[in-house]
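Colleague: Could you walk me through how to read this model, feature by feature?

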Amino acid sequence: MSCFKIEKSCKNTSARMGILKTSHGKIQTPAFMPIGTYAAVKTLSTDEIKSLNYNLILSNTYHLYLRPGIDIIDQFKGLHNFMNWDGAILTDSGGFQIYSLSQFKKIDDNGVEFKSHLDGSKHYFTPEKIIDIQRSIGSDIMMLLDVCPSSDADYQTLVDALQTTTKWAKRCMKQFQETEPLYGYHQVLIPVVQGGTDRKLRKQSAEDICALDAEAYAIGGLAVGEPKEDMLSIVKLPGPCPFSGIVIASIKAISKIVLRLSGTTAFIIPAPVLLAACIASIQAPVYPYDPAIVKSFPRLYLWELRE
């Protein structure tokens with residue numbers, strides 16, 4: 001059963017408008033996802049995000065695992081409570097970090113080992129563990145663990161990434177089907193199509209991934225340095241199966257660029273005792289905090305924002 005319904009479409013341009021249904025509301029597509037990697041969108045409170053009519057936030061499983069940590073998120077019974085957000089949350093699996101943190105990772109058939117960019121500690125992620133972590137996070141939309149090769153990868157690297165992604169997708173789906181949501185609402189698992197900019201590999205990956213019969217699918221492995229024309233040509237490829245779900249392509253890259261252009265970062269200081277330390281550790285200006293905003297968030301959440 002699909003979580004996505006097309007409301008309007010254009011035969012001339014292939015443009016579509018639709019509704020993505022989640023347990024925390026409906027999202028009109030096409031949609032822009034503000035980035036809240038560490039459970040916070042820079043410069044904006046959750047109330048401000050809502051006032052802008054955004055109801056889907058993108059966060060990251062790998063980064064949340066490292067900080068604040070799953071134990072803390074468990075205490076709040078999920079990320080929604082932790083960050084005081086009643087809209088939908090999509091969590092990336094960490095697959096993009098296989099590309100972006102390539103100097104810190106080591107891949108084998110069973111999973112991937114990351115060396116934390118924060119303290120150098122080593123952490124091993126399997127497809128099953130990524131599902132379990134996202135169950136604890138309680139994200140409405142969960143991405144499975146995939147291998148995202150760089151745009152200059154050779155053909156064999158693309159093939160290896162595709163094959164590993166397909167194997168991991170099957171394991172993720174099995175773990176997803178054998179576990180239950182922890183907080184009483186439905187979660188959606190989205191497999192990811194890989195293959196670089198090679199059309200035949202993209203077709204093969206799409207056929208393999210669509211065989212999983214998921215509620216939605218995503219186009220991965222784009223916005224990693226390839227020319228814009230190549231990215232657009234892949235996004236426009238006709239699929240070998242009817243994509244019943246939302247197709248998410250290169251939203252992260254667009255979001256990051258927009259946020260970087262949004263200006264300086266405002267910081268909330270949760271307690272006067274932190275003021276001197278925060279001023280010494282950040283380069284952006286420190287603004288007086290709004291007591292009303294501070295009261296709407298758990299103190300532990302505000303403490304995590306210090307970094």
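Modeller: Gladly! This is a predicted model, in which local features need pLDDT of at least 70 and side-chain atom pairs count only at pLDDT 80 or more, while totals for chains, interfaces and linings use all residues. Residues are numbered from 1 along each chain as its sequence is written, and side-chain values use heavy atoms, with hydrogens and water left out.

Colleague: In what order do the four strands of the open sheet lie?

Modeller: First the terms: helices (H or I, at least four residues) and strands (E, at least two) are DSSP runs numbered from the N terminus, and two strands pair if DSSP finds at least two bridges between them. Here the order is E4-E5-E9-E10, with parallel pairing. Strand E4 (56-60) and strand E10 (188-190) are the edges, each pairing on one side only. Between E9 (residues 141-143) and E10 there are three bridges, and Met143 sits opposite Ile190 of E10.

Colleague: Which helix packs on this sheet, and what does it touch?

Modeller: Helix H6 (residues 127-137) does, touching strand E5 (88-92), E9 and E10; contact means heavy atoms within 4.5 Å. The direction of H6 makes about 160° with that of E9. Axes are lines fitted to C-alpha atoms, for helices over the stretch in contact, and angles run from 0 to 180 degrees between N-to-C directions.

Colleague: How many residues does the hairpin use to join E2 to E3?

Modeller: Two residues link them. Strands E2 (residues 16-22) and E3 (residues 25-29) pair in the antiparallel sense over five bridges, and Gly18 has Thr29 of E3 as its bridge partner.

Colleague: And how should I read a helix pair?

Modeller: Two packed helices are described by the angle between their axes and the distance between the axes. For H7 (residues 155-178) and H8 (residues 199-210), the axes come within 10 Å and cross at roughly 5°. That makes H7 roughly parallel to H8, a label for angles under 35 degrees. Residues making the contact include Leu158 and Leu162 of H7 and Leu201 and Ile209 of H8. Seven of the contact residues are nonpolar, three polar and one charged; Ala, Val, Leu, Ile, Met, Phe, Trp, Tyr, Cys and Pro count as nonpolar, Asp, Glu, Lys and Arg as charged, and the others, Gly among them, as polar.

Colleague: Is Ser93 buried or exposed?

Modeller: Ser93 counts as buried because its relative accessibility is 1%; buried means under 20%, exposed over 50% and partly exposed in between (1.4 Å probe, protein chains only). Ser93 lies in the loop between E5 and helix H5 (95-100), and a polar atom of its side chain is 2.9 Å from the backbone oxygen of Leu144.

Colleague: Where does Thr126 lie?

Modeller: Thr126 is in the loop between strand E8 (122-125) and H6, and at 15% relative accessibility it is also buried. A polar atom of its side chain lies 3.1 Å from the backbone nitrogen of Lys129.

Colleague: What should I look for in the backbone?

Modeller: Most residues other than glycine have a negative phi, and most peptide bonds are trans. In this model, the bond from Thr29 to Pro30 is cis, with omega near 5°, and another cis bond joins Arg67 and Pro68, with omega about 15°. Thr43 has a positive phi near 75° and is partly exposed at 31% relative accessibility. Asn53 has a positive phi near 70° and is exposed at 69%.

Key:
Angles under 35 degrees count as roughly parallel, over 145 as roughly antiparallel, 65 to 115 as roughly perpendicular and the rest as oblique. A polar contact is a pair of N or O atoms within 3.5 Å; within protein, one must be able to donate a hydrogen and the other to accept it, and residues adjacent in sequence count only if both atoms are side-chain atoms.
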